[in-house]
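Me: I would like to go through this model with you. Could we start with a single residue and then widen the view?

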Amino acid sequence: AYLTRALALRDAWAEGGGRAAWHDAVTEDRRRPPFHPFIGTVAMAGARRDATSARVVNAAFAVLLVPSVYGLAVLAGGPAAGWLAVALVCAMPGTWALGARFLPELPTMALVSATVLALLRSDGFARRWASLAAGVGLGGCALMKVTAPLMLAGPLGVAAWPVLRATGPARLHLLLAVGVGLLLAAPWYVLNGKTAAWFAWFISAGPGSPVFGNGASGVAGAIRFLKESAMWGMSWPVAVALIPAILLAVRQTRMGSPDHRRAVLAMGTWLAISLVAVLAGHNRDPRLLASAWPAAAILVAAGWSRL
């Protein structure tokens, strides 16, 4: 379905230019945001009209993912944690599997990671350019996948918390970030937000969830989902090391700087909210947790690298 939409947008662009492609993106598929299909459209605009061109650009988001993961892990645990987190993310079976197919999960992983880094680098929205970058990321994530803003709720709250006690331009920068995000996402969501929200509910918790998911419901389904996420998503070493790593990271925050504590809390809320959101629905496809795999790797790296 994703590649079909990219091909349709590519044909619309070839026939009528950007205006025709935008009209197609807004009117032909009201269920899914248009950013990911446009990635394939751009790839095929100057190359062959085939799946390979689209997949190459899709996988190229690793160029954004790797430095974002490194930057976040450095904030959470130092340079050693940064290199370890990059190695863990690059070694994840899910990263390779998603990079080989034209699916939105790998670009979403990269964009969410970059946005979380911008949020933390804003230093409580005290820095204007980092706040602006966070706003661009928020809007881009919303246009990549409907559920992406939910994954960012925890890190956004962690970054915005100091604003409640801040003076000066921090509150204006927070408004700038949120405003830019809304401005970027609004043109598509004003027209399609209701349908997109309904479809997200339909495939995650509604009648369509058994069709779109893996049929894993109830407690047994939750256990199956966690096993599959560990087996082909994060990898068993990351999954097994995650719980003790979180405990180690939390203990280390007592001696760390405010930036360190804020980074660990952002990673924890990013992973926890994502996990609860998937488990609360009936669609237990491990791909739905992919946006939070970097958070798991960073927590493992931050927890174990300082021993």
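**Burial of one threonine**

Reply: In this predicted model, T95 counts as buried because its relative accessibility is 14%, and the cut-off for buried is under 20%.

Me: Which helix does T95 lie in?

Reply: T95 lies in helix α6, which covers residues 93–99.

Me: And what is T95 in contact with, leaving aside its neighbours within four places in sequence?

Reply: With those neighbours set aside, T95 contacts V89, L106, M109 and W293.

Me: Let us change topic to α14. How many residues does α14 have, and what is its reach?

Reply: Helix α14 runs over residues 236–253, 18 residues in total. From first C-alpha to last it reaches 26 Å, close to the expected 26 Å.

Me: Where does α14 bend?

Reply: The bend is at L242 and amounts to about 45°. A proline, P244, follows within four residues.

Me: Which residues of α14 are buried?

Reply: The buried residues of α14 are V238, A241, L242, A245, L248, A249, Q252 and T253.

Me: Now the whole protein. How many helices and strands are there?

Reply: The protein has 16 helices and 0 strands.

Me: What does the radius of gyration say about the fold?

Reply: The protein has a radius of gyration of 19 Å, which agrees with the value near 19 Å for a compact globule of 307 residues. Its C-alpha trace spans about 60 × 50 × 35 Å along the principal axes.

Me: What share of the residues is buried?

Reply: Of the 307 residues, 52% count as buried.

Terms used:
Residues are numbered from 1 along each chain as its sequence is written. This is a predicted model: local features need pLDDT of at least 70, side-chain atom pairs count only at pLDDT 80 or more; totals for chains, interfaces and linings use all residues. Side-chain values use heavy atoms; hydrogens and water are left out. Helices (H or I, at least four residues) and strands (E, at least two) are DSSP runs, numbered from the N terminus. The expected span of a helix is 1.5 Å times one less than its number of residues. The bend at a residue is the angle between axes fitted to the seven residues ending there and the seven starting there. Buried means under 20% relative accessible area, exposed over 50%, partly exposed in between (1.4 Å probe, protein chains only). The radius of gyration is taken over C-alpha atoms; the globule rule is 2.2 Å times the number of residues to the power 0.38. Contact means heavy atoms within 4.5 Å.
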